[in-house]
Amino acid sequence: MENREFAQMLAETADLMEIASEDGFRIRSYRNGASAIEGHPERIEDILNDPAGDVTRISGIGKGLSSVLKEILRRGSFERRDQLLERYPPTALELLKIQGLGPKSIALIWEHFRVSTIDGLEQLCRDHKLRTLPRMGGKVEERVLRSIAQYRQRAGRFLLSFAEQTARQIMAYLKEGEGIERILPAGSYRRGKETVGDLDLLLTGPGAPGALDRFVKYPAVTEVLGHGQNKASVRVGTEGLQVDLRALAEEHFGAALQYFTGSKEHNIQLRNRALKMGMTLNEYGLFRLEGNTQVAGATEEGIYEALDLEWVPPEMRENQGEIDLAAARSLPKLVSPGDMRGDLHMHTTETDGRGSLEEMAEAARALGYEYIAITDHSKALAMANGLDEKRVVEFAARVREVNARGPGLHVFAGLECDIRREGEMDIEDSALAELDFVVASVHSYMNLEPAEMTDRLLRAIENRHVRALGHLTGRQLLHRDGYPFDFEKVAKAAARRGVLLEINASPERLDIHAPMIRLAKSHGARFVISTDSHHPKSLPNMRFGVAMARRGWLGPGDIVNTLPLVKFREEIRLK
Ligand code: DGT
Ligand code: CA
Ligand code: CA
Ligand code: ZN
């Protein structure tokens, strides 16, 4: 059993406890346990199976949770969970994902109407029955209907990070087979899209038929959707991500890679271009209409070349004007992971991070970075033990001490300062003045009117100590949309004031996204890509932020943390 599965079971139970209005303290202990397990480097299963192992050594896991984990390992569930599932059907958990509907409402809806499914809830709203419950009205019904629509759009999609993990495991498994020449991912995953619907893998080599047989027998497969001569489709894991594998002949490989990478819109444009040039493009190759002779198909580059185009990086293939640029040979040179020289948003054990300052610095050094900024939370985030003015100053001094000892890279003293409701900083200017790098972020009052939210962000930018705006839209992928505000106005103001826009690389956020990045760039904004790490292990998430930047057509010159240390200091005007 994977750590993720243990964690999911605890988190789920915490949700059910919340629906049952159980004690908040116990609920929190389950949630903390879940996040401790998820971030733990060793496998929980191994510790549990080791006679000398002791899971209570993990901070966040006490005696109670320890016996729960043992029970889960033994029989795949535990008593408390079983009891709750007797009271509330498991479909009630899905209702928690509907934005704006809390656990108390879900319990109430169940008790009054015995409704625990999304379809049932939708019907209640349409029949105007929800408003008969206390504290619910027509407005709530409308809001819930909107949330249901949003939820359905998200449902069945998966985080890029999850797709990557699955793709890597399956590709490694397939490579162990005989006669495999090449195996590559295509589809939205190759385009670096923040969420993917399914995984598309392509494979060549004489061992292809055997590989398809092995593929459907992959241990994590839960369902075989199809298994033919050249293609097989399966679902894997409890999450049920679909994976399509196609076996191809070498002479078609480039055409298939191009076709199945998409996007569909990009492909349609490309096919039209081919037609205008007297050719036809499909997944087997590029062919001259006259005589049906193959012009290209073995390589993707060959196809673009034959269409008189520069090769277009997959992240740009969204039909946003990239084909015209490729025809004019003026595609931008995109940033790549190797360009990154620092990471400017991370947390430590001083607030809600799981690594010490030294551990974060060491992990960053191991990645080859030249600098980082430690940006713990400010006091408004009391749950995260955020810093007040006194601790901000003391902690900055500690950061400088560590830096003076020569940890192998430069460590800047920073802060993720909360933007309060009216746009004021959560920390006095006198304390902010002690810092090298202040990231300002919204963590509360996310349901303001758009105009209010815009003013709030504009005011935050006016503070002369603010260097960057963190996770600007507040979205959490597959979970909640960003709050609405006038992004263009804020981006313009940020550009004017030299405030950087953060591209938050945390796979649950990936905030801001490509269309916003391009719009902001057109107004002269500059960017920083940061991981918002709460654990040393999370620092490599930088690659997801880089994918977002590439989807936003950014080059290294647009991103301040590609600069060497000396220039970086100048750029952000640090002393
Ligand atoms: P996803 O899986 O929803 O995140 O998005 P994609 O882009 O991976 O879409 P998917 O898996 O349905 O198909 C993979 C690629 O195959 C897609 O990006 C383009 C190509 N493709 C699929 N269906 C069509 C089609 O009807 N026409 C064209 N031109 N291309 C298609
Ligand atoms: Ca796909
Ligand atoms: Ca597919
Ligand atoms: Zn934050």
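Is His471 buried or exposed, and what is its relative accessible area? His471 is buried, with a relative accessible area of 1%; here buried means under 20%, exposed over 50% and partly exposed in between, with a 1.4 Å probe and protein chains only.

## Before you start

This is a predicted model, in which local features need pLDDT of at least 70, side-chain atom pairs count only at pLDDT 80 or more, and totals for chains, interfaces and linings use all residues. Residues are numbered from 1 along each chain as its sequence is written, chains are lettered from A and ligands numbered from 1 in the order in which they are written, and side-chain values use heavy atoms, with hydrogens and water left out.

## The zinc site

The zinc ion (ligand 4) has Glu416 (OE), His443 (NE2) and His471 (NE2) as its protein donors, at 2.0 to 2.3 Å. Donors are N, O and S atoms within 2.8 Å of the metal, or 3.2 Å for Na, K and Ca; water is not among the atoms, so sites may look incomplete.

Along the sequence, the donor residues of this zinc ion follow the spacing E-x26-H-x27-H. The two histidines link distant parts of the chain, 28 residues apart: His443 is in the loop between β14 (437-441) and α20 (450-462), and His471 is in the loop between β15 (466-469) and α21 (487-497). Helices (H or I, at least four residues) and strands (E, at least two) are DSSP runs, numbered from the N terminus. While His471 is buried at 1%, His443 is partly exposed, with a relative accessible area of 22%.

Next, look for the open sheet of 5 strands, in the order β2-β4-β7-β6-β5, with mixed pairing. Two strands pair if DSSP finds at least two bridges between them. At the edges are β2 (182-185) and β5 (221-227), each of which pairs on one side only. From one strand to the next, the twist averages 20°. Axes are lines fitted to C-alpha atoms, for helices over the stretch in contact, and angles run from 0 to 180 degrees between N-to-C directions.

Inside this sheet, β6 (residues 231-236) and β7 (residues 241-248) run antiparallel and are joined by 6 bridges; Arg235 stands opposite Gln242 in β7. Helix α10 (residues 160-175) packs on the sheet and touches β2, β4 (198-204), β6 and β7, its direction making about 25° with that of β4. Contact means heavy atoms within 4.5 Å. Helix α12 (residues 208-216) lies across β4, β5, β6 and β7, at about 20° to β6.

## Two calcium ions

The calcium ion (ligand 2) is coordinated by Asp198 (O), Asp198 (OD) and Asp200 (OD), at 2.2 to 2.6 Å. Asp198 also coordinates the calcium ion (ligand 3), which is 3.8 Å from ligand 2. Asp198 is partly exposed, at 21% relative accessible area, whereas Asp200 is buried, at 10%.

## A three-stranded sheet

Another open sheet has 3 strands in the order β8-β9-β10, with antiparallel pairing. The edge strands β8 (279-282) and β10 (294-296) each have a single partner strand, so one side of each is left without a neighbour in the sheet. Neighbouring strands are turned by 35° against each other on average, direction ignored.

There are 4 bridges between β8 and β9 (residues 285-288), and Thr280 has Phe287 as its bridge partner in β9. Helix α14 (residues 264-276) lies across β8 and β9, running at about 155° to β8.

## Backbone details worth a look

Most residues other than glycine have a negative phi, and most peptide bonds are trans. Gly262 and Ser263, however, are joined by a cis peptide bond with omega about -5°; Ser263 lies in the loop between α13 (253-261) and α14. The peptide bond from Asp511 to Ile512 is also cis, with omega near 15°.

Leu510 has a positive phi, near 40°. This residue lies in the loop between β16 and α22 and is buried, at 0% relative accessibility. Trp553 has a positive phi too, near 65°. Trp553 sits in the loop between α23 (542-551) and α24 (565-571), and is buried at 12%.
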